[in-house]
Amino acid sequence: MGAVSCRQRQHFRVPTPRKCGNIQGPLARGWKSLWCGVGTIRSGLEELWELQGHQEPLRPAPLLLEKTLSEWPVPQFISLFLPEFPMRPVRRQQQLKILGLVAKGSFGTVLKVLDCAQKAVFALKVVPKVKVLQRDTLRQCKEEVSIQRQINHPFIHSLGDSWQGKRHLFIMCSYYCTDLYSLWAAVGCFPEASVRLFAAELVLVLCYLHDLGIIHRDVKMENILLDDRGHLKLTDFGLSRHLPQGARAYTICGTLQYMGERAKDGG
Ligand SMILES: Nc1ncnc2c1ncn2[C@@H]1O[C@H](COP(=O)(O)OP(=O)(O)OP(=O)(O)O)[C@@H](O)[C@H]1O
């Protein structure tokens, strides 16, 4: 039997503030600190070193002064995440203005941002690199981005950009103001005609993915965003796998609350 990798339904979507101004308070301090982390003194490499169980402090290697800058090896804390998460100049991050917190998922925090260069609003998922390494999800995290780059479907949430900073990975996509779960929680019950349409769109998306050999493995209402015309946008490819023809996956995974009893028992 394969490994078991379950998520608890623990993310919450934050109600959209009435005005899109600066948000204050303890919650805001939490996500604003994500931004501050980018320029802190302790390097990510030091954290990785400690994670690997080394007791002695990480000492800088002697500088080889004759080497030109382009020949310097890329630190492991950066190279591990390449090429899916390229380095971007800090200028790129400075072009983004945080408008609010969208949701806190089990892996990352999703922010609503304004890209001042493109003059457009996006959703930005911010994932701490340390968390990826601690949870041993590096391969999965890179696969999420590479799968999202390959796919192009009107009912799938496509990737805008992905990059890395010193301590965080950034995944930027178009912003949608609601998801199916929030809508269902607000209205209580969907009319039958809407359920039929949602189901039909979802089946089309899953057929498209399966034809490409991609399994999503975390289909749930929270991961189905809705565009302004009410059409689905399937998101969160964080547990997806791309399988070669005829292969199958053995890991039991998903979100506990949405899994069948046999899967939970490992049967
Ligand atoms: N582009 C977007 N626009 C608006 N909301 C979004 C967008 N992307 C994600 N969200 C919201 O943020 C939530 C968390 O995002 P995502 O599922 O990618 O993170 P996660 O850490 O993998 O979460 P989890 O594993 O708990 O589902 C989504 O379920 C959705 O409600």
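Predicted model: local features only at pLDDT ≥ 70, side-chain atom pairs only at ≥ 80, totals over all residues.
1. The protein has 267 residues, of which 41% count as buried, and its secondary structure comes to 9 helices and 13 strands.

2. Among contacts between residues at least 6 apart in sequence, 69% join residues that are at least 24 apart.

3. The domain assignment divides the protein into domain 1, covering residues 11-174, and domain 2, covering residues 178-264. To the contact between them, domain 1 supplies 17 residues and domain 2 supplies 25 residues.

4. The size of an interface is often given as the accessible area lost when the parts come together. For domain 1 and domain 2 the area buried between them is about 1900 Å², and 58% of it lies on carbon and sulfur atoms.

5. As for specific polar interactions, 8 residue pairs are found in polar contact across the interface of domain 1 and domain 2, counting pairs in which both residues are at pLDDT 80 or more. On the side of domain 1 that touches domain 2, helix α6, which spans residues 138-150, gives the most, with 7 residues, and the residues of that side divide into 5 nonpolar, 7 polar and 5 charged.

6. The count of salt bridges between domain 1 and domain 2 is 1. Asp-236 forms a salt bridge with Lys-125, and the closest N and O atoms of this pair are 3.8 Å apart, a separation to be set against the 4 Å cut-off for a salt bridge.

Note on methods:
Residues numbered from 1 in each chain as written. Heavy atoms only, no water. Domains from an automatic or database assignment. Contact = heavy atoms within 4.5 Å. Buried area = accessible area lost by both parts, 1.4 Å probe. Salt bridge = Lys/Arg side-chain N within 4 Å of Asp/Glu carboxyl O. Polar contact = N/O pair within 3.5 Å; in protein donor to acceptor, adjacent residues only side chain to side chain. Helix = DSSP H or I, 4+ residues; strand = E, 2+ residues; numbered from the N terminus. Nonpolar A, V, L, I, M, F, W, Y, C, P; charged D, E, K, R; others polar. Buried < 20%, exposed > 50% of the residue type's maximum accessible area, 1.4 Å probe, protein only.
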